[in-house]
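Before you plan around this protein, I would ask you to read the following remarks beside the coordinates.

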Amino acid sequence: MATEEQINEQDAFACPICLETLKSPKSLPCLHTFCEACIGEFILSTEQRAEQKLSNYPCPVCRTVVTPNNPEDEASQWAALLPHNFTISSLMNNAKSVKQECHLCKRRDKISEATQWCCDCMEALCGECLQFHGIMKLSADHKIVKIEEMDTASSGVDEPDLSMISDSCPLHTSKFLEAFCFDHQQLCCLLCITLHQRKCEHVQAFEEMQNLKTDKISVLLSEVNDIKVKVENVMKEKNDEKEKLDISFTEIEAEANQFILSLKDKLDSLLAVFIKRLGITREESENAFQNKVKTFEKLSNYF
């Protein structure tokens, strides 16, 4: 568990807007420091609420009015022109006593120390999460390195921070960080690549890394769409089979009803014939009985 001193140190490095560790810290004249992206979004949202071009803006913390050096520039550029807080960056570089937390555990409201770093996901992993990370098909081939072997001096935190790509290279201040060397585990500019990383085999520009993730997402979406089409085709085939079965059952029912009606007609016809013949036989029997009675009456009269 972090000590009180470590907690206070983490609070000092937190952006007042996003409450996360400062990334590319920029200072206002009132000495309050924010992430470059956070203060940039704050300026743009302030301009949108005002519905007109701004000439100044208030500090999000103390509300001190800040007038940019070049107010005629677009508001989206004001954050980049703010002075970089090198004091905070230096203190963050030296703050190595705070252990890196596992990002996946943090999302589940758990606290565990990370031991590995995924260069593709740009996230820290503990031993348990690393096992699940390796099982997943999409992340099985990701490059994993040990955090303790990573050179993080150029990022200012305990992990390579891609949000710092707009900052100057620590070795060549006139150049911007544009790539990451996986062989040396450090951020570098074009001059670094030319002078120090020219023999390295695994150097990737930030844009290529982003495109790689985009390509994987595109492949995943394509696979999902193919599965969706196959499922829809199977459902259509099953619906067609159901309709055919319904038609077949309806025809069988109609044939059965027709057979029963035909059989009933035949039985009615046979019953009518039987009753007719029975009537004829009955009349013949009655006539024969009457004749016999008459014969016996004649014989009785004779005697």
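The numbered points below go from the chain as a whole to single residues.

1. Please keep in mind throughout that this is a predicted model. The protein chain carries 8 helices and 10 strands, and of its 303 residues 28% are buried. When contacts between residues at least 6 apart in sequence are considered, 43% of them join residues at least 24 apart. The accessible surface of the chain amounts to about 21,700 Å², and carbon and sulfur atoms account for 57% of that area.

2. The largest nonpolar core is made up of 25 residues, and the residues with the most contacts inside it are Cys102, Trp117 and Cys129. Two or more residues of this core come from each of the strands β5 (116-118), β6 (123-125), β8 (179-181) and β9 (186-188), with β8 giving the most, namely 3 residues. As a general remark, nonpolar side chains in soluble globular proteins tend to be buried together.

3. Which residues surround cysteine 102, once its neighbours within four places in sequence are left aside? Cysteine 102 is then in contact with Ser112, Ala114, Ala124, Leu125, Cys126 and Cys129. Apart from the core to which cysteine 102 belongs there lies another core, of 20 residues, which includes Leu28, Cys59, Ala75 and Trp78.

4. The count of aromatic pairs comes to 2. In one of them, tyrosine 57 and tryptophan 78 have ring centres 5.8 Å apart and planes at 20°, so this pair is stacked, the limit for stacking being planes under 30 degrees apart. The pair links distant parts of the chain, 21 residues apart, for tyrosine 57 lies in strand β3 (residues 57-58) and tryptophan 78 in helix α3 (residues 78-81). Tyrosine 57 and tryptophan 78 are both buried.

5. Phenylalanine 180 and phenylalanine 182 also form an aromatic pair, with 5.0 Å from centre to centre and 75° between the planes, an arrangement that is edge-to-face. Phenylalanine 180 has a relative accessible area of 3% and is therefore buried, and phenylalanine 182, with a relative accessible area of 10%, is buried as well.

6. Is threonine 46 buried or exposed? Threonine 46, which lies in helix α2 (residues 36-50), has a relative accessible area of 12% and is therefore buried, because the term applies to values under 20%. A polar atom of the threonine 46 side chain lies 2.8 Å from the backbone oxygen of phenylalanine 42. If residues up to four places away in sequence are not counted, threonine 46 touches Leu54 and Pro58.

Technical notes: Residues are numbered from 1 along each chain as its sequence is written. This is a predicted model: local features need pLDDT of at least 70, side-chain atom pairs count only at pLDDT 80 or more; totals for chains, interfaces and linings use all residues. Side-chain values use heavy atoms; hydrogens and water are left out. A nonpolar core is a set of buried Ala, Val, Leu, Ile, Met, Phe, Trp, Tyr and Cys residues joined through side-chain atoms within 4.5 Å. Buried means under 20% relative accessible area, exposed over 50%, partly exposed in between (1.4 Å probe, protein chains only). Helices (H or I, at least four residues) and strands (E, at least two) are DSSP runs, numbered from the N terminus. Contact means heavy atoms within 4.5 Å. Rings of Phe, Tyr and Trp (its six-membered ring) pair if their centres lie within 6.5 Å; planes under 30 degrees apart count as stacked, over 60 as edge-to-face and the rest as tilted. A polar contact is a pair of N or O atoms within 3.5 Å; within protein, one must be able to donate a hydrogen and the other to accept it, and residues adjacent in sequence count only if both atoms are side-chain atoms. Accessible areas come from the Shrake-Rupley method with a 1.4 Å probe; for residues, only the protein chains shown count as cover.
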